[in-house]
Amino acid sequence: MNKILRRERLVPNIHVLEVHAPEVAAKCVPGQFVMVMPDEKGERIPLTIGDWDREKGAVTVAFMAVGTTTHKLALMSAGDELPVFVGPLGKPSEIGKFGTVLVAGGCFGIAAIHPIARALKEAGNTVVTLIDVKANYLLYWEDKLRKVSDSFFVSARDHKFGTTHYVQGKIKELLDGGLKADRAVAIGCTYLMYSACEATRAAGIKTTVALNPIMVDGTGMCGACRCAVGGKTKFACVDGPDFDGHAVDWTELFSRRKSYLDDEMKSLCHWERSLLAPGVSGASVALPLSTGGAQLAPGA
Amino acid sequence: MADEKKELPPDDKARLKAEFDLDWRKDLRKSMPAKDRVKIERQKMPARPASVRNADFFEVNSGLSAEAALQEARRCLDCPNSPCVLGCPVAIDIPSFIKLIEKGDYDAAARKLKETNSLPAICGRVCPQESQCEAVCTMKKASGASVAIGNLERFAADYEREKGKVLIPRIPPSTGKRVAVFGAGPAGLTVAGDLAKAGHQVTVFEALHTAGGVLVYGIPEFRLPKKILEAEVDYLRKLGVELRMNYVVGRTATLEDLKAQGFSAFFIGTGAGLPNFMKIPGENLVGVYSANEYLTRVNLMKAYDFPNYDTPMTIGKKVAVIGGGNVAMDSVRNAKRLGADWAAIIYRRSSEEMPARLEEIHHAEEEGIEFHYLQAPTKFIGDEHGRVKAMECLKMELGEPDSSGRRRPVPIKGSEYVKEVDLVVMSIGQSPNPLIGQTTPGLKMGKWGNVDVDWKTMATNIPGVWAGGDIIRGGATVILAMGDARTAAAEMDKYLANLGKTPPQA
């Protein structure tokens with residue numbers, strides 16, 4: 001069991017979890033992830049490590065509350081315990097002296113990209129950070145990221161930032177404006193990573209992405225996370241999660257990510273109902289599934 | 001691979017001989033002439049009706065009654081050469097435990113089993129006895145049907161557990177030596193048990209959140225109830241074994257890190273955790289699973305009880321399982337239990353070559369599983385959402401024997417046909433998990449990604465490090481893993497005993 005030291009909502013729907021896991025904290029390096037299970041009946045999901053404190057023995061991960069597991073995590077608080085918080089898993093990110101590196105992140109990826117940006121900066125690169133958010137109130141860790149960046153940009157669909165760009169448009173704008181990037185790294189939702197890769201493809205900038213397929217064990221055993229990269233099947237958990245974004249079969253990844261969309265909705269409704277009637281299993285509450293989960297969601 | 005054992009080691013031979021010569025054994029042998037023993041029919045393992053059990057997850061076999069066990073035990077001729085022991089990878093003193101059952105001393109029978117096998121209730125259920133101990137049974141030659149050794153093993157182990165008084169052997173004073181075991185599967189648990197009984201301080205590191213390895217994520221509840229595994233793991237805890245879950249050796253800590261923490265001997269039993277695929281088009285479609293993933297979702301994550309458990313899985317109506325081993329049988333029978341209308345084994349050779357245990361094949365047939373021999377998929381076809389909807393298969397005929405000695409399947413040109421499916425489980429074997437090789441510098445690996453060992457001692461090229469089970473074999477069996485583990489544990493014990501004696505070399 002690993003104790004939660006802090007659980008905080010950073011921005012709407014995105015939470016940060018700081019967990020006491022001394023062995024993971026001692027060993028983790030940028031680009032690695034942990035497998036997390038919120039309770040005994042929960043699912044195992046991968047979460048990218050956003051930061052760590054080796055002295056304190058603490059590991060920080062950020063996540064977006066989307067499905068049952070992440071909603072369960074979002075309701076946990078300091079002192080609660082996680083039955084599974086195992087890692088660090090996956091191959092470390094490639095950190096080298098590349099020159100100028102464009103680092104793009106969005107959503108949970110804003111946290112996930114942070115240790116990579118920091119390591120790239122420490123390795124002597126010029127770090128150009130680009131964060132994508134839908135609106136200004138979804139931006140977090142700006143200070144942390146600015147500290148490790150030489151320049152910092154935001155793409156957003158928000159007039160407060162004076163921009164309506166998505167990440168792809170902003171990258172194009174930067175490249176057209178004379179940015180000479182030797183490398184790029186993009187982490188966030190599948191679409192953000194795909195878009196970033198499309199924007200860097202023409203310029204031939206090698207772009208690394210941290211793929212986010214569905215996983216079960218996270219140690220190579222099950223093969224749920226297989227992705228086609230360069231025409232070959234790879235296991236994201238042991239061969240990755242970092243891959244050359246220009247070689248990824250994105251169509252396949254999009255469809256594999258959606259394998260359980262209906263079940264995920266069903267599971268969320270089931271769990272939300274169990275919250276409405278504590279101690280009673282969801283199935284026994286007389287509410288038809290078709291009413292959907294949204295209106296039954298707990299307040300905060 | 002290891003050489004076939006031609007003869008038992010002298011120690012084992014002497015141990016067997018001493019038991020064989022005991023007065024009560026002599027009396028028992030005399031109590032019934034062999035010609036009468038041969039006349040007794042092999043006792044059938046009672047099983048729940050196929051039409052009931054193929055819709056639930058409760059255990060299929062219900063176990064021999066005491067009367068049936070007695071009758072079965074009488075069938076054992078207690079022959080002096082006991083070929084069965086040679087057929088057993090862990091060299092259980094089979095005649096002794098069977099004669100103890102005949103004598104009515106079930107507790108002693110269970111203890112006898114545990115002298116060489118820490119997990120008898122499991123082996124009694126999942127071992128391929130018909131190709132091991134029972135294959136060479138003298139009674140098989142005499143009457144056509146071997147003694148049901150596996151069923152008797154299960155009987156004795158179940159008796160002891162259900163009685164609730166599992167005897168904990170006296171543990172010698174602690175040697176103070178610390179042993180690290182990587183992986184809580186059959187190999188790791190066996191090493192842990194043997195070395196704890198020798199007085200060493202054993203810690204088992206397991207990547208998953210539940211101990212058991214393939215016994216917990218792979219073998220289904222209907223074949224091996226989890227409560228039996230839990231009891232066996234509990235027994236190890238009582239022997240003083242420490243189990244650390246959620247610990248990925250190689251990532252959470254490396255072998256070197258653990259050495260620095262004071263562990264002086266290591267056993268790698270991290271298993272065949274890397275599923276094989278056929279590398280044919282459409283294999284990454286949604287609805288195409290590896291058997292490992294399919295079984296892990298059901299067994300470990302309890303997806304059969306979704307949404308009470310959060311992990312989902314595809315519930316197929318038309319299910320094809322590709323492969324013919326025990327894992328394929330487990331997968332296809334799972335699919336049937338989860339509501340498949342059509343659940344079939346697609347196997348590229350004929351029934352003769354199929355590697356699954358006979359009992360599993362029979363049970364599957366009874367439960368309504370279809371067997372399609374001499375064919376193999378050539379591609380999977382998806383719908384507009386990237387979900388599998390059909391597969392194209394090619395028919396085969398058998399050609400010359402290949403390196404495995406089995407006749408090689410040869411495709412019949414133009415025999416392709418398309419079959420609608422909504423769930424496919426690839427069960428064509430596993431490779432050793434690559435993590436330990438990637439993260440242990442200097443560890444010698446074989447050409448299939450396996451850890452390379454000296455087959456006599458199970459020692460790797462790194463002093464103080466042994467390995468066994470599927471990490472050295474690829475996908476094999478529980479009992480072979482346990483056999484490796486026993487060999488390794490004996491060697492490790494010797495190594496640890498000498499460790500204090502020789503002054504450390506600079």
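In the predicted model, 19 residues of domain 1 of chain A are in contact with 20 residues of domain 2 of chain A. Several elements give two or more residues to the side of domain 1 that touches domain 2, namely strand 1 (2–11), strand 2 (14–20), strand 3 (33–37), strand 4 (45–53) and strand 5 (58–64) of chain A. Strand 4 of chain A provides the largest share of this side, with five residues. Sorted by class, the side of domain 1 of chain A that touches domain 2 of chain A consists of 14 nonpolar, three polar and two charged residues. Domain 1 of chain A covers residues 2–89 and domain 2 of chain A covers residues 100–257. The C-alpha centres of these two domains of chain A are 21 Å apart.

Within chain A, strand 3 and strand 7 pair in the antiparallel sense over four bridges. Phe33(A) has Leu89(A) in strand 7 of chain A as its bridge partner. Strand 7 of chain A (residues 84–89) is mostly covered, with six of its six residues buried. Val34(A) touches Phe85(A), Val86(A), Gly87(A), Pro88(A) and Leu89(A), among other residues.

In soluble globular proteins, nonpolar side chains tend to be buried together.

Between the chains, 32 residues of chain B are in contact with 38 residues of chain A. Strand 5 (274–275) and helix 16 (291–300) of chain B each supply at least two residues of the side of chain B that touches chain A. The largest share of that side, four residues, is contributed by helix 16 of chain B. The side of chain B that touches chain A comprises 15 nonpolar, 13 polar and four charged residues.

Chain B is divided into domain 1 (10–163), domain 2 (178–273 + 431–499) and domain 3 (277–428). Nine residues of domain 1 of chain B are in contact with nine residues of domain 3 of chain B. On the side of domain 1 of chain B that touches domain 3 of chain B, five residues are nonpolar, one is polar and three are charged. The C-alpha centres of domain 1 and domain 3 of chain B lie 34 Å apart.

Chain B contains an open sheet of five strands in the order 3-2-1-4-16, with parallel pairing. Strand 3 (242–244) and strand 16 (465–467) of chain B are the edge strands, each pairing on one side only. From one strand to the next, the twist averages 20°. Strand 4 (residues 265–268) and strand 16 of chain B run parallel and are joined by three bridges. In strand 16 of chain B, Trp466(B) is the bridge partner of Phe267(B).

An open sheet in chain B with the strand order 6-14-7-8-9 is also formed by five strands in parallel pairing. Its edge strands are strand 6 (288–290) and strand 9 (370–372) of chain B, each of which pairs on one side only. Neighbouring strands of this sheet are turned by 20° against each other on average, direction ignored. Three bridges connect strand 8 (residues 342–346) of chain B with strand 9 of chain B, and these strands run parallel. Ala344(B) stands opposite Glu370(B) in strand 9 of chain B.

Phe380(B) is placed in strand 10 (residues 375–382) of chain B. This residue counts as buried because 23 other C-beta atoms lie within 10 Å, the cut-off being 20 or more. Not counting residues up to four places away in sequence, Phe380(B) touches Pro281(B), Gly282(B), Glu283(B), Leu285(B), Val288(B), Val388(B), Met391(B) and Val424(B). Phe380(B) and Phe58(B) are separated by 322 residues in sequence and by 33 Å in space, C-alpha to C-alpha.

Terms used
Residues are numbered from 1 along each chain as its sequence is written. Chains are lettered from A and ligands numbered from 1 in the order in which they are written. This is a predicted model: local features need pLDDT of at least 70, side-chain atom pairs count only at pLDDT 80 or more; totals for chains, interfaces and linings use all residues. Two residues are in contact if their C-beta atoms, placed from the backbone, lie within 7 Å. Ala, Val, Leu, Ile, Met, Phe, Trp, Tyr, Cys and Pro count as nonpolar, Asp, Glu, Lys and Arg as charged, and the others, Gly among them, as polar. Domain bounds come from an automatic or database domain assignment. Two strands pair if DSSP finds at least two bridges between them. Axes are lines fitted to C-alpha atoms, for helices over the stretch in contact, and angles run from 0 to 180 degrees between N-to-C directions. A residue is buried if 20 or more other C-beta atoms lie within 10 Å of its own, exposed if 12 or fewer, and partly exposed in between; C-beta atoms are placed from the backbone.
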